[in-house]
Amino acid sequence: MHNLKERYGTVTVALSGELDHCNASKIRRQLDDLLADEDILRLCLDLSDLTFMDSSGIGVLLGRLRILEQRGGSLAVKNMSQPIAKLFHLTGLQRVIQVENDKTGGRL
Amino acid sequence: MQNQMEVIFSACPQNESFARVVIAAFAVQLNPTLPEMADIKTAVSEAVTNAIVHGYENKGGLVRLKAEYCDRRMLTVTVQDDGCGMEDVETAMQPFYSTGDGAERSGMGFCVMQTFMDAVDVVSKPGEGTTVTMRKYITGEVGLHRERMLDEIS
């Protein structure tokens with residue numbers, strides 16, 4: 001997980017590898033350490049190098065969204081692979097998590 | 001041609017990725033498209049995670065992953081545990097249903113399996129474990145090529 005830039009309360013974090021039940025607690029902990037800084041209102045996750053995600057990852061994203069919304073913030077993702085975009089659309093996540101310029105170009 | 005495989009592994013989280021690698025190595029023989037392969041790996045990941053987290057309640061046990069195909073088109077995958085089982089399978093399969101143990105579960109595991117595969121059958125009884133059988137029709141790269149040719153002709 002790499003923090004790419006921090007500016008005016010917006011942090012972009014690049015996730016890499018696989019986000020499944022096995023890795024969920026580690027990634028959750030790292031993100032929560034970051035979000036301990038309450039000045040961060042907007043978190044953007046760059047999923048370019050995330051090679052796999054299942055519903056355990058959905059749980060991680062929804063949990064972070066809840067934390068940010070409680071402080072009036074928001075969560076965004078960008079550069080989703082096609083399989084992760086399919087998971088997003090299936091679960092309706094794109095209605096609550098902003099999707100920026102993903103690789104699929106909006107297609108499934 | 002008929003082919004089958006069976007792998008038994010410990011119900012620990014590290015083996016979720018192992019199960020995905022195993023099913024991918026077997027399914028590749030059917031020459032699936034990349035999206036089909038992603039669907040299979042995701043569905044198997046959900047079923048194996050359910051066995052570890054819900055079937056064995058993170059206390060360990062053995063998970064059986066079986067797969068077979070008989071006509072190079074229909075892949076059948078079975079994930080079986082000898083864990084606690086479920087009283088009400090129908091309720092457990094509802095979207096967003098979760099045991100509510102506070103672990104940030106999305107409750108979408110069965111929904112993902114049902115969407116990413118063509119058929120999902122769950123047999124479970126309290127104290128007797130759970131067997132999830134999933135089937136997927138593999139279009140394959142050859143099938144896609146044929147569809148594109150037919151599109152061009154028409």
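These notebook entries record what I looked up in a predicted model with chains A and B.

**Entry 1: the interface**

I began with the contacts between the two chains. I noted that 17 residues of chain A are in contact with 18 residues of chain B. I then asked which helices of chain A supply at least two residues each to the side that touches chain B. They are helix H1 (21-35), helix H2 (55-70) and helix H3 (82-91) of chain A. H2(A) gives the most to this side, with seven residues.

**Entry 2**

I turned next to the strands of chain B. Five of them form an open sheet, and I recorded the order as E1-E2-E3-E5-E4, with antiparallel pairing. At the edges I found strand E1 (3-10) and strand E4 (119-124) of chain B, each of which pairs on one side only. From one strand to the next, the twist averages 10°.

**Entry 3: one pair of strands**

I examined strand E3 (residues 74-81) and strand E5 (residues 130-137) of chain B. These strands run antiparallel and are joined by eight bridges. Which residue of E5(B) is the bridge partner of B:Thr78? I found B:Thr133 in that place.

**Entry 4: a helix on the sheet**

Finally, I looked up what packs on the sheet. Helix H2 (residues 34-55) of chain B does so, touching strand E2 (62-69), E3 and E5 of chain B. I noted that the direction of H2(B) makes about 15° with that of E3(B).

Terms used: Residues numbered from 1 in each chain as written. Chains lettered and ligands numbered in written order. Predicted model: local features only at pLDDT ≥ 70, side-chain atom pairs only at ≥ 80, totals over all residues. Contact = placed C-beta atoms within 7 Å. Helix = DSSP H or I, 4+ residues; strand = E, 2+ residues; numbered from the N terminus. Pairing = 2+ DSSP bridges. Axes fitted to C-alpha atoms, helices over the stretch in contact; angles between N-to-C directions.
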